[in-house]
Amino acid sequence: MSRTVRVIFVLICVCCAVEFAVGQATKKSLKSGPSAFYPDDENRGFDEADPPSDAVLDALLKTQEAKENSDLLQKLDRDGLRKLFLVVQVHLAKSDETDEVVLGYDPMSGADCYWFWIVRDKGDHAQVLLFTNEYGIDLLNTRTNGYREIRGVWSSAAGYTITRVYQYNGNRYKLAHRYEKTDKVPQ
């Protein structure tokens with residue numbers, strides 16, 4: 001084997017090793033964040049939550065949920081509004097895109113459930129991709145249009161459970177499947 005062929009072979013091997021290492025690091029970083037968000041289960045998923053950025057707060061305040069609670073929200077200053085939400089960064093698609101799971105607190109929450117928003121944060125602009133009211137949500141490993149599917153679960157004390165699966169349609173998340181289950185309680 002000539003010296004030139006050996007050098008090319010070594011360079012190819014080095015490039016492959018670097019590509020593999022970068023791929024593994026990216027794969028690891030994508031899985032290192034939380035994928036389950038259940039506030040009643042010891043605040044699972046929100047251990048390292050932050051308040052929303054200005055862009056995310058602005059996007060949340062433009063939602064239908066905020067409009068329906070405008071009389072209560074208008075009494076709060078910007079810091080008071082910011083305290084109504086917890087934000088956790090996640091990656092739903094590409095690792096260079098920042099998405100966030102947002103949890104709302106009263107009055108931006110339900111009586112028998114939590115309110116969750118999925119927000120794409122582009123720094124100076126944010127877009128709400130999903131609103132759902134659930135007991136908790138999971139970011140699934142399955143994908144639609146390159147984005148992780150999201151499962152929401154709501155349960156009643158009487159054993160009635162609704163599970164919803166949301167899929168990304170290229171612009172936002174839409175309901176794809178809804179399952180209902182009733183656990184028979186012994187009389």
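Two strands are taken as paired if DSSP finds at least two bridges between them; strands (E, at least two residues) and helices (H or I, at least four) are DSSP runs numbered from the N terminus. The structure is a predicted model, in which local features need pLDDT of at least 70 and side-chain atom pairs count only at pLDDT 80 or more, while totals for chains, interfaces and linings use all residues. Residues are numbered from 1 along each chain as its sequence is written, and side-chain values use heavy atoms, with hydrogens and water left out.

Strands E2 (residues 85–90) and E3 (residues 98–104) pair in the antiparallel sense over six bridges, and Leu 86 has Leu 103 in E3 as its bridge partner. Five of the six residues of E2 are buried (under 20% relative accessible area, 1.4 Å probe, protein chains only). Helix H2 (residues 54–61) has Ala 55, Val 56, Leu 57, Ala 59 and Leu 60 buried. These buried residues pack against E2 and E3, and also against helices H3 (64–68) and H5 (78–82) and strands E4 (114–121) and E5 (126–134).

Thr 132 lies in strand E5 and is buried, with a relative accessible area of 3%. Its side chain forms a polar contact of 2.9 Å with that of Tyr 166 (a pair of N or O atoms within 3.5 Å; within protein, one must be able to donate a hydrogen and the other to accept it, and residues adjacent in sequence count only if both atoms are side-chain atoms).

An open sheet of five strands has the order E1-E6-E7-E8-E9 with antiparallel pairing. Its edge strands are E1 (36–37) and E9 (173–182). Nine bridges join E8 (residues 160–168) to E9, with Ile 162 opposite Glu 180 in E9.

Note on methods
Buried < 20%, exposed > 50% of the residue type's maximum accessible area, 1.4 Å probe, protein only. Contact = heavy atoms within 4.5 Å.
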